[in-house]
Structures are given as structure tokens and as C-alpha cells.
Amino acid sequence: SLFLGDPLALTICGLYTLLILYRSAGLWRAWRATAGIRRSASPAHLPARLDADLTEYLAAMNVGRCDLLVSRSLSGPITVGVLRPVIVLPEHLLTEAQADHLAAAVGHELAHIRRRDFACNIVYELLSLPLSFHPAAVLLKRAVARTRELACDELVSDRLMEARAYARALVGLAGAASHAR
């Protein structure tokens, strides 16, 4: 066994506590920023074609109800909420994007809702909080995020869009998002 003297043990415990408090504060700031985006977003006025497609997408993804909001402060679409999830689209996506790009973005976010990714991400963040200093925890969180996105892509290509059309739409969305930044 390794014996740590009282001052050294207290220093290590104090530093660990400060690290946990720092990471908790970062998580709190992210939560508040997300809530701010949701509060500042306004209802989206969808093109007639996408409005009809949305009902079909909700049924295909087995998602009961979902509101679409629009925000100027985003460069890409996000899903927010646990009990009443909403999709927040960037304003430029509604005004400038092609219909298939918009459909791909909404379909992808509906896949996140179907999988309950927002709630799972909160749980992952809370569980990784005590080990957030460890490089393996960072790599694991990154791998989970990558897998989550791939699972949503697979769900969309299985249920909503042909895989090639979906891939083309994602590339178009990525180009639009980088241009909007």
C-alpha cells in the first residue's frame, strides 16, 4: 500500500474536488446555453412540402409529437429536451437549403429523438464527471458520440431516405453549416 502524508492527501483531494467543481460548472453552463437557445427560438414556418413530409417522418420514426423551432444563433440543427423534445433549426437552413437537405436534417434529428439521445447524453456526462480528467474517458465519450451519429444516420437511411440521397444531403448540409459559421 502507498501511504500519503496528510498534507499531500489533502492537496490531492482538494485538487480533485476543484476539478469536479470546474467540470460541473462547465456542464451547468452548457445546460444554461442550451436552455437559452430553446427559449430564444421561434416556431418554424415550414414549406408546404416539408410540413406534409414531417407527419410522414414522425410516423416512420415512431415519434409521437415534435415541435420545430428556428434560431439565428445556430449553424446546424440540434435536438433539445427530454420530456418534450424539440428540433431547433438554424434560420439559414429554412431560407437557403434545398428541400432534400432540410428533410435530411429533420430526419436525422428525429432519429435522435427516437433514440432518446439527449437524455442519454446527460446521463453520460454525469457518469463521466468523476473520471473526466482521464484521457480514456475523453476517448470513450468521443467514440460514443460518433457511434450515436452513425446510428442515427443508419436509422434515417433505413426508414426515410435512400442512402445515397441522404449522404449527398449530409454533404450539402455540412457545406452550408461551415459557410454559415
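Which residues does Ile87 touch, not counting residues up to four places away in sequence?

**View 1. Ile87 and its neighbours in a predicted model.** Ile87 touches Cys66, Asp67, Leu68, Leu69, Ile78, Thr79, Val106, Glu109, Leu110 and Ile113, a contact being heavy atoms within 4.5 Å. This is a predicted model, where local features need pLDDT of at least 70, side-chain atom pairs count only at pLDDT 80 or more, and totals for chains, interfaces and linings use all residues. Residues are numbered from 1 along each chain as its sequence is written, and side-chain values use heavy atoms, with hydrogens and water left out.

**View 2. The largest nonpolar core.** A nonpolar core here is a set of buried (under 20% relative accessible area, 1.4 Å probe, protein chains only) Ala, Val, Leu, Ile, Met, Phe, Trp, Tyr and Cys residues joined through side-chain atoms within 4.5 Å. Of the 31 residues in this one, Met61, Ile87, Leu89 and Leu110 touch the most other members. Elements giving two or more residues include strand E4 (86-90) and helix H6 (135-159), but H4 gives the most, with 8. Helices (H or I, at least four residues) and strands (E, at least two) are DSSP runs, numbered from the N terminus.

**View 3. Stepping back to the protein chain.** You'll find 7 helices and 4 strands here, in the order α-β-α-β-β-β-α-α-α-α-α from the N terminus. The C-alpha trace spans about 70 × 35 × 30 Å along its principal axes. Buried residues make up 33% of the 181.

Methods. Buried < 20%, exposed > 50% of the residue type's maximum accessible area, 1.4 Å probe, protein only.
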